[in-house]
Amino acid sequence: SQGRHHGQLETAEMRTPVRIQRHARLPVWPAWQGLVLGVLSQLGPLRSVADSLEDAFGGRVCPMQFDPVQSDPFILLVHHRHAFRPLDFFRPLFSSLILPEGFPAHPHRGFETVTYVLPGRGGLRHRDSFGCKMRYGNGACQWMTAGDGMLHEEMWDVESFNEFELYQLWLNLPPSKKRMAPCVQLLSPDPAAAGGDGGGGPRRGTAVE
(Lines give C-alpha, C1' and ligand atoms only; values in the text may rest on other atoms or scores of the structure.)
Protein backbone atom coordinates (compact mmCIF):
# COMPACT_ATOMS: atom_id res chain seq x y z
CA SER A 1 0.00 0.00 0.00
CA GLN A 2 2.78 2.41 0.91
CA GLY A 3 4.58 1.65 -2.37
CA ARG A 4 1.39 2.29 -4.37
CA HIS A 5 0.84 5.68 -2.71
CA HIS A 6 4.51 6.56 -3.28
CA GLY A 7 4.10 5.79 -6.98
CA GLN A 8 0.97 7.95 -7.16
CA LEU A 9 2.86 10.81 -5.51
CA GLU A 10 5.69 10.54 -8.03
CA THR A 11 3.15 10.61 -10.88
CA ALA A 12 1.51 13.72 -9.42
CA GLU A 13 4.85 15.48 -9.08
CA MET A 14 5.64 14.84 -12.76
CA ARG A 15 2.53 16.62 -14.03
CA THR A 16 3.13 19.74 -16.10
CA PRO A 17 0.74 22.63 -16.78
CA VAL A 18 -1.07 22.72 -20.11
CA ARG A 19 0.05 26.30 -20.64
CA ILE A 20 1.39 29.29 -18.72
CA GLN A 21 -0.44 32.52 -19.46
CA ARG A 22 0.21 36.06 -18.27
CA HIS A 23 -3.14 37.82 -18.06
CA ALA A 24 -3.67 41.51 -18.72
CA ARG A 25 -3.57 43.89 -15.77
CA LEU A 26 -5.90 46.89 -15.80
CA PRO A 27 -4.77 50.22 -14.30
CA VAL A 28 -7.08 51.35 -11.50
CA TRP A 29 -7.03 52.57 -7.88
CA PRO A 30 -4.82 54.51 -8.41
CA ALA A 31 -5.17 54.56 -12.20
CA TRP A 32 -2.19 56.87 -12.81
CA GLN A 33 0.07 54.51 -10.93
CA GLY A 34 -1.33 51.52 -12.79
CA LEU A 35 -0.62 53.24 -16.11
CA VAL A 36 3.02 53.70 -15.15
CA LEU A 37 3.26 50.02 -14.19
CA GLY A 38 1.59 49.05 -17.47
CA VAL A 39 4.21 50.92 -19.49
CA LEU A 40 7.05 49.35 -17.49
CA SER A 41 5.53 45.90 -18.05
CA GLN A 42 5.94 46.34 -21.81
CA LEU A 43 9.64 47.14 -21.59
CA GLY A 44 10.92 43.57 -21.37
CA PRO A 45 13.66 43.65 -18.71
CA LEU A 46 11.59 46.04 -16.56
CA ARG A 47 8.61 43.67 -16.29
CA SER A 48 9.91 42.20 -13.04
CA VAL A 49 10.39 45.72 -11.68
CA ALA A 50 6.78 46.56 -12.53
CA ASP A 51 5.57 43.39 -10.79
CA SER A 52 7.56 44.27 -7.67
CA LEU A 53 6.16 47.81 -7.64
CA GLU A 54 2.64 46.45 -8.05
CA ASP A 55 3.14 44.17 -5.05
CA ALA A 56 4.45 47.07 -2.99
CA PHE A 57 2.17 49.93 -4.04
CA GLY A 58 -0.84 48.59 -5.95
CA GLY A 59 -2.68 50.22 -8.82
CA ARG A 60 -3.86 47.25 -10.90
CA VAL A 61 -6.51 44.54 -11.19
CA CYS A 62 -5.97 41.25 -13.03
CA PRO A 63 -9.09 39.36 -14.23
CA MET A 64 -8.31 35.77 -15.28
CA GLN A 65 -11.04 34.14 -17.37
CA PHE A 66 -11.16 30.33 -17.38
CA ASP A 67 -11.96 28.02 -20.29
CA PRO A 68 -15.49 26.74 -19.45
CA VAL A 69 -14.81 23.35 -21.05
CA GLN A 70 -11.58 22.71 -19.16
CA SER A 71 -12.30 24.49 -15.89
CA ASP A 72 -16.00 24.17 -15.05
CA PRO A 73 -17.27 25.06 -12.44
CA PHE A 74 -14.57 27.76 -12.22
CA ILE A 75 -15.52 30.86 -14.23
CA LEU A 76 -13.21 33.70 -13.26
CA LEU A 77 -10.44 34.59 -10.82
CA VAL A 78 -9.69 38.26 -10.15
CA HIS A 79 -6.66 39.59 -8.28
CA HIS A 80 -7.00 43.11 -6.85
CA ARG A 81 -4.06 45.15 -5.54
CA HIS A 82 -4.96 48.75 -4.79
CA ALA A 83 -4.06 51.70 -2.59
CA PHE A 84 -6.15 54.69 -1.48
CA ARG A 85 -3.76 57.24 -0.04
CA PRO A 86 -4.89 60.53 1.55
CA LEU A 87 -2.23 62.54 -0.33
CA ASP A 88 -3.18 61.19 -3.76
CA PHE A 89 -4.40 64.42 -5.36
CA PHE A 90 -5.84 62.60 -8.42
CA ARG A 91 -8.06 60.41 -6.26
CA PRO A 92 -11.07 62.79 -5.78
CA LEU A 93 -11.12 63.64 -9.48
CA PHE A 94 -10.97 60.00 -10.56
CA SER A 95 -13.67 58.82 -8.15
CA SER A 96 -16.09 61.64 -9.02
CA LEU A 97 -15.66 61.72 -12.81
CA ILE A 98 -14.48 58.28 -13.93
CA LEU A 99 -14.95 55.40 -11.48
CA PRO A 100 -16.19 55.28 -7.87
CA GLU A 101 -14.09 53.56 -5.20
CA GLY A 102 -15.68 50.16 -5.62
CA PHE A 103 -18.54 48.50 -7.47
CA PRO A 104 -22.00 50.11 -7.07
CA ALA A 105 -25.15 47.97 -7.06
CA HIS A 106 -25.15 45.30 -9.78
CA PRO A 107 -26.99 41.97 -10.30
CA HIS A 108 -25.74 38.37 -10.00
CA ARG A 109 -27.59 35.13 -10.69
CA GLY A 110 -26.83 31.43 -11.04
CA PHE A 111 -23.33 31.37 -9.58
CA GLU A 112 -21.41 32.15 -6.42
CA THR A 113 -18.31 34.13 -5.49
CA VAL A 114 -15.62 33.47 -2.90
CA THR A 115 -13.66 36.59 -1.92
CA TYR A 116 -10.51 36.22 0.18
CA VAL A 117 -8.72 39.26 1.61
CA LEU A 118 -5.03 38.79 2.36
CA PRO A 119 -3.99 39.22 6.03
CA GLY A 120 -3.07 42.78 6.88
CA ARG A 121 -4.92 44.19 3.87
CA GLY A 122 -8.17 46.08 3.58
CA GLY A 123 -11.32 44.59 2.10
CA LEU A 124 -14.85 45.52 1.13
CA ARG A 125 -18.11 46.90 2.45
CA HIS A 126 -20.96 44.73 1.19
CA ARG A 127 -24.69 45.38 1.10
CA ASP A 128 -27.39 43.65 -0.94
CA SER A 129 -31.06 43.60 -1.90
CA PHE A 130 -31.87 41.24 0.98
CA GLY A 131 -30.76 43.74 3.62
CA CYS A 132 -27.42 42.17 4.50
CA LYS A 133 -24.63 44.64 5.33
CA MET A 134 -21.11 43.38 5.86
CA ARG A 135 -17.62 44.80 6.29
CA TYR A 136 -14.66 42.43 6.02
CA GLY A 137 -10.90 42.40 5.48
CA ASN A 138 -7.60 41.27 7.03
CA GLY A 139 -7.71 37.54 6.32
CA ALA A 140 -11.50 37.19 6.07
CA CYS A 141 -13.33 35.33 3.32
CA GLN A 142 -16.83 36.10 2.04
CA TRP A 143 -18.85 33.32 0.41
CA MET A 144 -21.80 34.69 -1.57
CA THR A 145 -24.28 32.45 -3.37
CA ALA A 146 -26.34 34.48 -5.83
CA GLY A 147 -28.68 31.58 -6.62
CA ASP A 148 -32.05 32.82 -7.89
CA GLY A 149 -30.73 36.37 -8.16
CA MET A 150 -29.71 39.36 -6.07
CA LEU A 151 -28.39 42.88 -6.26
CA HIS A 152 -25.28 43.70 -4.28
CA GLU A 153 -22.74 46.45 -3.85
CA GLU A 154 -19.03 46.13 -3.06
CA MET A 155 -17.19 49.31 -2.07
CA TRP A 156 -13.62 49.48 -0.81
CA ASP A 157 -13.47 49.96 2.97
CA VAL A 158 -11.34 53.10 2.72
CA GLU A 159 -12.37 54.23 6.20
CA SER A 160 -10.44 51.34 7.76
CA PHE A 161 -7.46 50.73 5.43
CA ASN A 162 -5.22 52.36 2.82
CA GLU A 163 -3.75 49.19 1.29
CA PHE A 164 -5.95 46.53 -0.34
CA GLU A 165 -5.32 43.09 -1.79
CA LEU A 166 -7.76 40.26 -2.40
CA TYR A 167 -8.69 37.40 -4.70
CA GLN A 168 -12.23 36.78 -5.90
CA LEU A 169 -13.21 33.44 -7.46
CA TRP A 170 -16.45 32.98 -9.44
CA LEU A 171 -17.98 29.48 -9.49
CA ASN A 172 -20.82 28.21 -11.62
CA LEU A 173 -23.69 26.52 -9.77
CA PRO A 174 -25.06 23.19 -11.05
CA PRO A 175 -28.48 23.42 -12.77
CA SER A 176 -30.24 22.01 -9.72
CA LYS A 177 -28.86 24.84 -7.54
CA LYS A 178 -29.27 27.83 -9.82
CA ARG A 179 -32.70 28.73 -8.39
CA MET A 180 -31.71 28.28 -4.74
CA ALA A 181 -32.24 31.10 -2.25
CA PRO A 182 -29.37 33.64 -2.20
CA CYS A 183 -27.03 33.50 0.79
CA VAL A 184 -24.09 35.55 2.05
CA GLN A 185 -21.69 34.11 4.61
CA LEU A 186 -18.42 35.17 6.19
CA LEU A 187 -15.47 33.08 7.31
CA SER A 188 -13.19 35.17 9.44
CA PRO A 189 -10.14 34.65 11.70
CA ASP A 190 -11.87 37.11 14.05
CA PRO A 191 -14.87 35.32 15.68
CA ALA A 192 -16.54 38.63 16.55
CA ALA A 193 -16.52 39.68 12.89
CA ALA A 194 -18.30 36.46 11.92
CA GLY A 195 -20.87 36.52 14.69
CA GLY A 196 -18.84 34.14 16.85
CA ASP A 197 -18.86 33.68 20.60
CA GLY A 198 -15.21 34.52 21.21
CA GLY A 199 -13.79 31.08 20.45
CA GLY A 200 -10.76 30.66 18.24
CA GLY A 201 -10.57 29.73 14.57
CA PRO A 202 -12.62 30.68 11.50
CA ARG A 203 -16.39 30.71 11.75
CA ARG A 204 -19.22 30.83 9.27
CA GLY A 205 -22.07 33.25 9.75
CA THR A 206 -23.75 36.40 8.53
CA ALA A 207 -22.02 39.56 9.69
CA VAL A 208 -24.32 42.58 9.72
CA GLU A 209 -23.15 46.11 10.40
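Me: Let's start with Trp-29: why is Trp-29 called buried?

Reply: Because its relative accessible area is 4%, and buried means under 20% relative accessible area, with exposed over 50% and partly exposed in between (1.4 Å probe, protein chains only). So Trp-29 counts as buried. Bear in mind that this is a predicted model, where local features need pLDDT of at least 70, side-chain atom pairs count only at pLDDT 80 or more, and totals for chains, interfaces and linings use all residues. Residues are numbered from 1 along each chain as its sequence is written, and side-chain values use heavy atoms, with hydrogens and water left out.

Me: Where is Trp-29, and what is its phi?

Reply: Trp-29 sits in the loop between E1 and H2; helices (H or I, at least four residues) and strands (E, at least two) are DSSP runs, numbered from the N terminus. Its phi is near 55 degrees, a positive value in a residue other than glycine. Pro-30 belongs to the loop between E1 and H2.

Me: What makes those two features worth a remark?

Reply: Most residues other than glycine have a negative phi, and most peptide bonds are trans.

Me: Which other residue has a positive phi, and is that residue buried or partly exposed?

Reply: Asn-138, with phi near 50 degrees, in the loop between E7 and strand E8 (141-145). Its relative accessible area is 42%, so Asn-138 is partly exposed.

Me: And where is there another cis bond?

Reply: From Asp-72 to Pro-73, with omega near 15 degrees. Pro-73 lies in the loop between helix H4 (68-71) and E3.

Me: Why is Gly-38 called partly exposed?

Reply: Because its relative accessibility is 25%, which counts as partly exposed. Gly-38 is part of helix H2 (residues 31-41). Twelve residues separate Gly-38 from Ala-50 in sequence, and their C-alpha atoms are 7.6 Å apart.

Me: How do you know that E6 and E7 pair?

Reply: Two strands pair if DSSP finds at least two bridges between them. Strand E6 (residues 124-128) and E7 share four bridges in the antiparallel sense, so by that rule they pair. Within that pairing, His-126 stands opposite Met-134 in E7.

Me: What sheet do these strands belong to?

Reply: An open, antiparallel sheet of four strands, in the order E4-E9-E6-E7. E4 and strand E7 (133-136) are the edge strands, each pairing on one side only. From one strand to the next the twist averages 15 degrees, with axes fitted as lines to C-alpha atoms (for helices over the stretch in contact) and angles running from 0 to 180 degrees between N-to-C directions.

Me: What holds for E9 in that sheet?

Reply: E9 is joined to E4 by five antiparallel bridges, and E6 pairs with E9 over five bridges, also antiparallel. Met-155 in E9 is the bridge partner of Gly-102 and of Arg-125. E9 is mostly covered, with five of its seven residues buried.

Me: What makes a set of residues a nonpolar core, and which touch the most other members here?

Reply: A nonpolar core is a set of buried Ala, Val, Leu, Ile, Met, Phe, Trp, Tyr and Cys residues joined through side-chain atoms within 4.5 Å. The largest one has 22 residues, and Trp-29, Met-134, Tyr-136, Trp-156 and Val-184 touch the most other members. Two or more residues each come from E3, E7, E9, E10 and strand E11 (183-188).
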